Amino acid sequence: MSNKKGNILQAQELAKQIPAVERLKKGPVAIIECIEEIPCNPCVESCPQGAISMPGGLNAVPILDWEKCTGCGLCISACPGLAIFVVDLTEGREQARVALPYEFIPLPQKGERVVALDRQGNELGPAEVLRVQQGKRLDRTCIITIAVPREWALAARNIRRAER
Ligand code: SF4
Ligand code: SF4
């Protein structure tokens with residue numbers, strides 16, 4: 001498959017996972033960007049709300065019930081594919097918040113200015129680290145929450161620490 005065709009297919013799959021605008025405005029919600037049909041389901045097990053299911057079986061891609069999802073973020077670190085994010089586009093807030101899985105060290109600090117990256121690793125621009133979550137419950141996958149311009153909410157998927 002050509003890269004271009006693959007990218008179009010990937011974009012179509014990802015688009016299916018984006019909740020309706022009205023749901024996004026209500027508060028944080030998970031965005032599951034898992035497009036590989038592989039035998040894997042820790043995301044389903046991790047969700048205390050029962051919001052993630054795999055009606056198509058263990059090899060199918062997971063489906064999120066956006067109305068059940070509270071945006072707690074527990075599924076982010078449970079996913080070995082680093083494919084789950086929580087996007088917060090609460091209405092009235094100046095910036096969006098994106099919670100993402102992060103496995104590099106050293107970790108950024110709360111308040112640190114970093115560079116937001118898109119899915120391909122291209123720079124979007126500066127972002128601020130709002131929260132750094134780590135601990136036994138998260139295994140070795142930390143969760144970094146960043147503040148970004150609202151228009152980057154569905155694009156910002158990684159960070160790079162600024163040169164020090
Ligand atoms: S963010 Fe929380 S409620 Fe939403 S799918 Fe993930 S674990 Fe479930
Ligand atoms: S845990 Fe991650 S990689 Fe595995 S099915 Fe769920 S979203 Fe996909």
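**Pockets, a cavity and a buried strand**

Helix α1 (3-16), helix α3 (42-46), strand β4 (84-88) and strand β5 each supply at least two residues to the lining of the largest pocket, where helices (H or I, at least four residues) and strands (E, at least two) are DSSP runs, numbered from the N terminus. The model is predicted, so local features need pLDDT of at least 70 and side-chain atom pairs count only at pLDDT 80 or more, while totals for chains, interfaces and linings use all residues. Residues are numbered from 1 along each chain as its sequence is written, chains are lettered from A and ligands numbered from 1 in the order in which they are written, and side-chain values use heavy atoms, with hydrogens and water left out.

The largest pocket has a volume of about 560 Å³. On a 1 Å grid over the protein atoms alone, a pocket is an open set of points with protein on both sides within 12 Å along at least five of seven lines, a cavity is a set of points where a 1.4 Å probe fits but cannot get out, and lining residues have an atom within 4 Å of a point. Grid points are joined across faces, edges and corners, and a volume is the space filled by probe spheres set on the points. Of the 30 residues lining the largest pocket, E33, G81, L82, A83 and F85 lie nearest its centre. By class, this lining has 20 nonpolar, 4 polar and 6 charged residues (Ala, Val, Leu, Ile, Met, Phe, Trp, Tyr, Cys and Pro count as nonpolar, Asp, Glu, Lys and Arg as charged, and the others, Gly among them, as polar).

The second largest pocket holds about 250 Å³ of space, and β4, β5, β7 and β8 each supply at least two of its lining residues. Nearest its centre lie G71, V86, A99, R131 and T145.

Strand β8 (residues 142-149) is largely enclosed by the rest of the structure, because 7 of its 8 residues are buried (under 20% relative accessible area, 1.4 Å probe, protein chains only). Strand β5 (residues 95-102) pairs with β8 in the antiparallel sense over 8 bridges, pairing being called if DSSP finds at least two bridges between two strands. Here Q95 stands opposite P149 in β8. Strand β7 (residues 123-133) also pairs with β8 in the antiparallel sense, over 5 bridges, and V132 has I144 in β8 as its bridge partner.

The largest cavity has a volume of about 90 Å³ and is lined by 16 residues, none of them charged.

Methods:
Buried means under 20% relative accessible area, exposed over 50%, partly exposed in between (1.4 Å probe, protein chains only).
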